[in-house]
Amino acid sequence: MKRSFLTFVAFTLLLLVASCSPKPARRVVILSTNDIHGAIQQFPRLATAIAECRDTVEVILADAGDRWTGNAYVDKAEQKCLPVIELMNRVGYDVATLGNHEFDYGQELLRERISQADFQIVCANMESCGSELTVPATTIIERGGIRFGFVGLITNFADGYPDGQKSNFDGLKFYSPFEKAVEMQSLKEQCDVLVLISHLGDDMDRVLTVDATEFDMIVGGHTHAIMPEGLDYNETLITQTGKSLKNLGVTVVEMQGNKITRLENRLVALADYAEDEEMKAAVEVYYKDPYLSAPIGSSKIQLSKVGLANFMAEAITKRSKSDVGLYHFGGVRIDSLRKDGISIGDIFTLEPFSSTIYTAQMTTEQIRGMIINKFNDSVNPKESHRPDINPYGTSYTIVTDAEGEAIDVKFSTLKEGRTYKVAMGDYMYKNYNFDKSGEHNATGILVTEVLLDELRHHSPLKYTNEERISIVEK
C-alpha cells in the first residue's frame, strides 16, 4: 500500500516536471533550387541529395522559377518542356513560383505544364485580364508540426512585364512585387514561418525587405547569385543557389513553441553526390534524340561565353550582309562550347529562344546611344553597368564618370557621321532603348539556322575568345 502510494507520488511529480520542461524543438529543412534552365542532367545527383536529407528530417522542396529554356533536350522535346516537370514530380517538389522563362513558349503550353505539376505553383503579383492563365497567390504547407506560408512573386521590371517577348504576356497584368509583398504579409497570421519564393533577383529581394518586414526567409532566383550561407538582411534570410542545378539550398528551420530558434542556410554542391541510378536511367531517355544529338561540326578552340558572343555577332552580320553585328550576352545561354562533336542540340541550347535577325540603318551616334542606354539601364538593373552588347565589325570602349555611369563610347573603326547597316536579334531590337528612326527590316531568319549553317559549312570554327569591349573612367 505504501509502495503504491509512493509510486503514485513519483509518477505525479514526473508529470509535473515534464509539464514544466521546454517542449522539444521541431525541425524542418527547406531544400531549394532556382533557375534550373532545363539542366535535367543534374537530377540524378539531386535525387540522391534529397533522399539522404529525407532519411533524417522532414523536408519541403521549393523552386524559385525558370525551370526551362537552356537545354534543347527539354525545350525541343516531343512534349516541349515536359521533361523537367516530370522529373520534378519524381523527386517530390512541394511548391514553386513562376519565372520569366516559364512564358517563353506561350501561355497555352505553360497552363498545360502547370496542370501536369504535382506541386503547387504560386504567384501573388500576376492577375488575369482576359487570359486563361491563373495560379493562386499563396499556399500553406504543414510539415513536422510547423505551418509554412509560401508567397510567390515574379519580376515585372521590364516596362511592367517580366523579361521576355511582350506578346507572351497578353491578357496578364503584373503588379508591383514590393506592394504585393507588403499586402501578402497578412498570411503570417495563418502560419508559423512566412516564406517568400521570389523570382526578382537578390538585389530586389534586399529592397523588398525594407517594407515587407514579416517574411522570415526568401527562396530567391533570377539573378543566378551564389549565396553560400544566405544573407541575413533586415532580419530576413535571403537565399539563392546560382543556376543549372549546380547547388542545392539547405535551410534548417527549428521552432521551440511558437518561436523560431534557428534559421540557417547553406549551399551543397550536387557534384559531391553520387547519381541515383533509377533517375539516371529516366534522364537518359530524354537524351536519346538522334536529331539533336548528331554531331555536325567542331571548333579550333573551346569557345568561352565571349567567344560564343563573337561567333553569334559575326554569323548574323555576314548572313544579313550587314556592316556591324551586335549580340547581347544575355542571349548567350551557355558559358562555353566544347571543341569537338558539336551537335544540333548544342546550338539549340546556346540559343533556345527561336530568335530572328533584325537589321537597322543606324548612325554611329545611334549605336553609341544604344550602348550608353543599356549600360546605364535603370529599368533592368541586373544587366546594367557591365559589358552587354557584344560587337562585330568594331570594338569599343565605354567611358564612365566617377559614379560609374556611361557618358561616351569610343569605337575602334566606326566613323562619326556615317550610317551603317546593323544586325541584331529581335529581342534587342524590340526591347532595347535606342533611336529606331532609321530603316529597319525583320528578316525572319532564325539565328539558330545561321549558326547551324556555319557549323556545317565552315568547321572547324575559327572564332576567338578575344574581348571587344573595355570600360575606362574619364
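Which residue just after α4 takes a positive phi? Gly 92 does, with a phi of about 90 degrees. The structure is a predicted model, in which local features need pLDDT of at least 70 and side-chain atom pairs count only at pLDDT 80 or more, while totals for chains, interfaces and linings use all residues. Residues are numbered from 1 along each chain as its sequence is written, and side-chain values use heavy atoms, with hydrogens and water left out.

Helix α4 (residues 82–91) is a friendly place to begin. Helices here are DSSP runs of H or I with at least four residues, strands are runs of E with at least two, and both are numbered from the N terminus. Seven of the ten residues of α4 are buried, so the helix is largely enclosed by the rest of the structure; buried means under 20% relative accessible area, exposed means over 50%, and partly exposed lies in between (1.4 Å probe, protein chains only). The buried residues of α4 are Leu 82, Pro 83, Val 84, Ile 85, Leu 87, Met 88 and Val 91. Their cover includes α2 (43–54), β2 (58–63), α3 (72–75), α5 (107–116) and α8 (277–286), with contact taken as heavy atoms within 4.5 Å.

Strand β2 also belongs to an open sheet of six strands, in the order β4-β3-β2-β1-β13-β14 and with mixed pairing. Two strands pair if DSSP finds at least two bridges between them. The edges of this sheet are β4 (120–121) and β14 (259–269), each of which pairs on one side only.

Strand β24 (residues 419–425) is mostly covered, with five of its seven residues buried. Two bridges link β24 to β17 (residues 324–328) in the parallel sense, and Val 324 has Val 422 of β24 as its bridge partner. The pairing of β24 with β20 (residues 356–363) is antiparallel and extends over seven bridges, with Gly 425 of β24 as the bridge partner of Ile 357.

In soluble globular proteins, nonpolar side chains tend to be buried together. A nonpolar core is defined here as a set of buried Ala, Val, Leu, Ile, Met, Phe, Trp, Tyr and Cys residues joined through side-chain atoms within 4.5 Å. The largest such core has 57 residues, among which Met 370 and Met 424 touch the most other members. Helix α10 (residues 305–319) gives the largest share of this core, eight residues. Leaving aside residues up to four places away in sequence, Met 370 touches Leu 326, Met 362, Ile 389, Met 424, Met 428, Tyr 432, Asn 433 and Phe 434. A second, separate core has 51 residues, including Ile 36, Val 59, Val 74 and Cys 123.

Pockets and cavities were located on a 1 Å grid over the protein atoms alone: a cavity is a set of points where a 1.4 Å probe fits but cannot get out, a pocket is an open set with protein on both sides within 12 Å along at least five of seven lines, and lining residues have an atom within 4 Å of a point. Grid points are joined across faces, edges and corners, and a volume is the space filled by probe spheres set on the points. The second largest pocket holds about 340 Å³ of space. It is lined by 21 residues, of which Asp 159, Asp 377, Val 379, Asn 431 and Tyr 432 are the closest to its centre. Helices α12 (364–375) and α13 (426–431) each supply at least two residues of this lining. By class, the lining of the second largest pocket has seven nonpolar, seven polar and seven charged residues, where Ala, Val, Leu, Ile, Met, Phe, Trp, Tyr, Cys and Pro count as nonpolar, Asp, Glu, Lys and Arg as charged, and the others, Gly among them, as polar.

There are three cavities of 30 Å³ or more, and the largest cavity has a volume of about 50 Å³. Residues lining the largest cavity include Thr 155, Phe 157, Asp 203, His 222 and Lys 382.

Some backbone details complete the description. Thr 69, in the loop between β2 and α3, has a positive phi of about 75 degrees although it is not a glycine, and is buried at 0% relative accessible area. A cis peptide bond joins Ser 459 and Pro 460, with omega about 0 degrees.
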